[in-house]
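Start with its helices and strands, then turn to its surface and its charged side chains.

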Amino acid sequence: SEAGEYISEKASDAKDFTAEKAKDAKDFTAEKAKDAKDFTAEKAKDAKEFTAEKAKDAKEFTAEKAEEAKQYASEKKAQAKDAIDQEDNSEVTYTASSDSDVVVAD
């Protein structure tokens with residue numbers, strides 16, 4: 001019958017349409033998943049490079065501050081040595097007073 005053929009044809013058309021749209025959706029999803037994967041890989045690479053750069057900066061900063069601390073300690077050591085040497089070479093006089101003993105270094 002004509003109606004049966006029409007229904008069969010339309011059912012076949014609907015089946016083909018549905019299969020085509022399912023394939024389009026699958027392709028679209030696969031493309032978006034690839035884009036997301038590529039984006040994530042790129043951002044991970046950026047983060048890795050940023051972290052490496054900041055670690056290098058921190059290492060340089062730490063080395064610089066360690067050197068400054070070393071120089072500061074060396075200067076203070078030299079100042080202390082000079083002060084001790086000066087004290088050893090100075091004359092110390094004791095003056096007695098009624099309130100307390102006073103030490104005067106020349």
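The protein has one helix and two strands, in the order α-β-β along the sequence. Helices (H or I, at least four residues) and strands (E, at least two) are DSSP runs, numbered from the N terminus. This is a predicted model, in which local features need pLDDT of at least 70, side-chain atom pairs count only at pLDDT 80 or more, and totals for chains, interfaces and linings use all residues. Residues are numbered from 1 along each chain as its sequence is written, and side-chain values use heavy atoms, with hydrogens and water left out.

The mean pLDDT (the predictor's confidence in each residue, from 0 to 100) is 87 for the protein. Confidence is highest in α1, at 94, and lowest in strand β2 (residues 101-105), at a mean of 51.

Of the 106 residues, 0% count as buried. Buried means under 20% relative accessible area, exposed over 50%, and partly exposed in between (1.4 Å probe, protein chains only).

Side chains of opposite charge can pair when their charged atoms come close. The whole structure contains ten salt bridges, each a side-chain nitrogen of Lys or Arg within 4 Å of a carboxyl oxygen of Asp or Glu. One of them joins Glu 68 to Lys 65, with the closest N and O atoms 3.2 Å apart. Both residues lie in helix α1, three residues apart, about one turn of the helix. Another links Asp 85 with Lys 81 at 3.3 Å. Asp 85 and Lys 81 are about one helical turn apart because four residues separate them in helix α1. Asp 85 is partly exposed, at 34%, whereas Lys 81 is exposed, at 52%.
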